[in-house]
Amino acid sequence: RVLILDFGSQYTQLIARRVREAGVYSEIHPCTTPIDELQAMKPSALILSGGPSSVTDPDAPAVDPAILEWDIPILGICYGMQLLATLLGGDVVPAQDREYGRAEVEVIEKSPLWSGMHFQDPVKVWMSHGDKVMAPPEGFTVLARTPQVDVAAMGSADRRIYGLQFHPEVVHTEDGDQILRNFLFDVAELTPDWTMASFVETMRDSLPTLIGDGKVVCGLSGGIDSTVVAVLLHKAIGKQLHCIFVDNGLLRQDEGEEVVQYLRRHFDLNLKYVQAQDRFLSRLHGVEDPEEKRKIIGHTFIEVFEEEAKEIKDVQYLAQGTLYPDVIESVSFKGPSAVIKSHHNVGGLPERMQMDLVEPLRELFKDEVRKVAVELGLPDFLVWRHPFPGPGLAIRVIGEITPERLEILRKADKIVHNELMASGWYYKVWQGFAVLLPLKTVGVMGDERTYEHVIALRVVDSVDAMTADWTRLPPDLLGRISNRIINEVKGVNRVVYDVSSKPPGTIEWE
Ligand code: XMP
């Protein structure tokens with residue numbers, strides 16, 4: 001495995017993903033992790049990330065200098081390279097001004113880092129830095145430069161330590177993948193053996209040992225993460241697994257049943273479908289505030305889930321679909337960022353229930369979970385299902401939630417879903433859905449004046465939901481969706497399209 005030591009760069013996760021895409025397992029740890037802990041993880045190489053600090057600052061984050069005595073290949077990227085240069089006795093000067101964006105690198109020395117690359121022309125790379133390395137440490141060679149930076153890459157083949165001033169993990173860096181692969185395979189001599197097939201196999205072998213003959217309870221939400229957790233566990237421990245699907249009355253039309261039916265048909269699972277619609281809807285009666293809605297739904301979920309889990313008796317473990325980004329968020333060098341919306345689905349559940357957690361996906365990124373799902377033979381409609389928020393349609397019925405308003409939204413939403421599917425856009429966009437607005441407008445139908453609800457259409461492109469842009473759907477498709485909603489959904493006489501990006505908007509309206 002490769003350990004990535006994080007100095008707070010916005011690109012740290014990207015480094016981890018690129019390394020994994022190359023077939024090598026990687027993990028992110030804070031730069032402050034003591035060396036004995038790092039050594040206990042038995043890594044084959046280290047990568048030091050970039051970061052916003054300046055190495056010339058007395059409080060600059062650093063690593064234990066003892067890692068330089070450890071005979072292990074190291075790649076420093078941006079801040080990581082400046083830190084290596086400083087610790088090894090090179091010369092780093094603070095910035096006059098910062099350099100951001102594209103730069104052209106000229107390779108001036110042969111190196112294993114450049115294996116398989118051809119350099120007739122300068123390489124276009126992505127730079128984002130303030131400080132500069134002026135002179136490399138003793139024993140290091142300058143491998144590349146740019147018009148602004150004398151030391152754009154440096155290395156010591158003897159010590160297997162390299163530094164890059166630019167970011168190979170960013171797509172804007174030409175041959176960035178190749179450079180990272182060269183470090184992994186030529187310098188560190190690793191073997192690419194991290195595949196989702198091997199992950200599934202490892203889980204099948206390790207979960208039974210971990211769990212013994214204990215019982216595990218798992219909440220199914222209809223989304224891909226909890227479904228993959230359930231199928232992985234089912235394959236590993238069979239009937240020791242008990243799944244609970246809570247219908248909170250806030251699901252899309254047919255969505256919950258679809259997944260449950262699929263699982264029942266294909267796997268011999270203990271699966272209980274709990275009808276809790278009334279309890280949720282009565283608690284939400286008259287509530288308009290989005291965070292209040294989330295709180296009520298979260299608490300009610302815990303209550304229902306706890307009651308059901310008690311019925312199973314002697315359950316020792318709670319399975320959750322925690323993913324790697326959630327894990328890193330809590331150990332991150334930067335600390336968690338500000339809460340814009342409270343996104344937890346099962347907040348507080350583990351502490352309340354006093355069970356041990358089983359989190360088979362805690363090492364995976366979302367795209368890897370999808371690959372595991374494919375590996376497990378799950379169908380496209382599950383693998384490529386759009387994300388759906390835990391509070392469900394409650395945060396898409398803006399304002400008060402009533403059974404009637406939910407029904408209007410469900411019908412409109414189904415049309416959006418069907419039209420996106422029929423036109424092939426469903427699989428191209430990140431999310432697409434309808435929102436019911438808390439206002440009425442005037443229209444005319446036949447010769448009659450109408451005074452009815454407005455539906456907003458929200459369709460966005462995104463890679464990780466952190467940022468998003470509204471999808472440029474063809475006008476004909478927009479027209480068809482609008483016509484169908486107005487004609488087929490009683491109570492709606494107007495459809496509008498949301499053309500806000502995130503930021504400053506968010507994907508959901510509440
Ligand atoms: P926003 O609206 O913050 O959404 O741009 C980003 C992503 O998160 C989903 N989302 C939620 N998911 N519980 C969830 O499990 C929530 O309360 C919640 N709010 C938003 C949203 O659908 C999008 O994919």
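**Exercise 1. Which residues have the most contacts inside the largest nonpolar core, and how many residues does this core have?**

Before you start: this is a predicted model, where local features need pLDDT of at least 70, side-chain atom pairs count only at pLDDT 80 or more, and totals for chains, interfaces and linings use all residues. Residues are numbered from 1 along each chain as its sequence is written.

*Solution.* 
- Step 1: A nonpolar core is a set of buried Ala, Val, Leu, Ile, Met, Phe, Trp, Tyr and Cys residues joined through C-beta atoms within 7 Å. Buried means that 20 or more other C-beta atoms, placed from the backbone, lie within 10 Å of a residue's own.
- Step 2: the largest core has 75 residues, and V216, C218, V228, L233, A412 and I455 have the most contacts inside it.
- Step 3: look for the main giver. That's helix α6 (224–237), with nine residues; helices here are DSSP runs of H or I, at least four residues, and strands are runs of E, at least two, numbered from the N terminus.
- Step 4: a second, separate core of 55 residues includes C31, V55, C78 and F183.

**Exercise 2. Find the residues that UniProt marks as "active site", and work out whether C78 and E169 are buried or exposed.**

*Solution.* 
- Step 1: the unreviewed UniProt entry puts this feature at C78, H167 and E169; such annotations may be inferred rather than shown by experiment.
- Step 2: take C78. You'll find C78 in the loop between β4 (74–77) and α3 (79–87), and its 25 C-beta neighbours inside 10 Å make it buried.
- Step 3: now E169, in the loop between β11 (161–164) and α4 (176–187). E169 has 27 C-beta neighbours inside 10 Å, so it counts as buried too.

**Exercise 3. In what order do the five strands of the open parallel sheet lie?**

*Solution.* 
- Step 1: read off the order, which is β14-β13-β12-β15-β16. Strands count as paired if DSSP finds at least two bridges between them.
- Step 2: spot the edges. β14 (270–275) and β16 (356–358) each pair on one side only.
- Step 3: zoom in on β12 (215–220) and β15 (315–319), which pair over four bridges. Here C218 has A319 as its bridge partner in β15.

Note on methods:
Buried ≥ 20, exposed ≤ 12 C-beta atoms within 10 Å, placed from the backbone.
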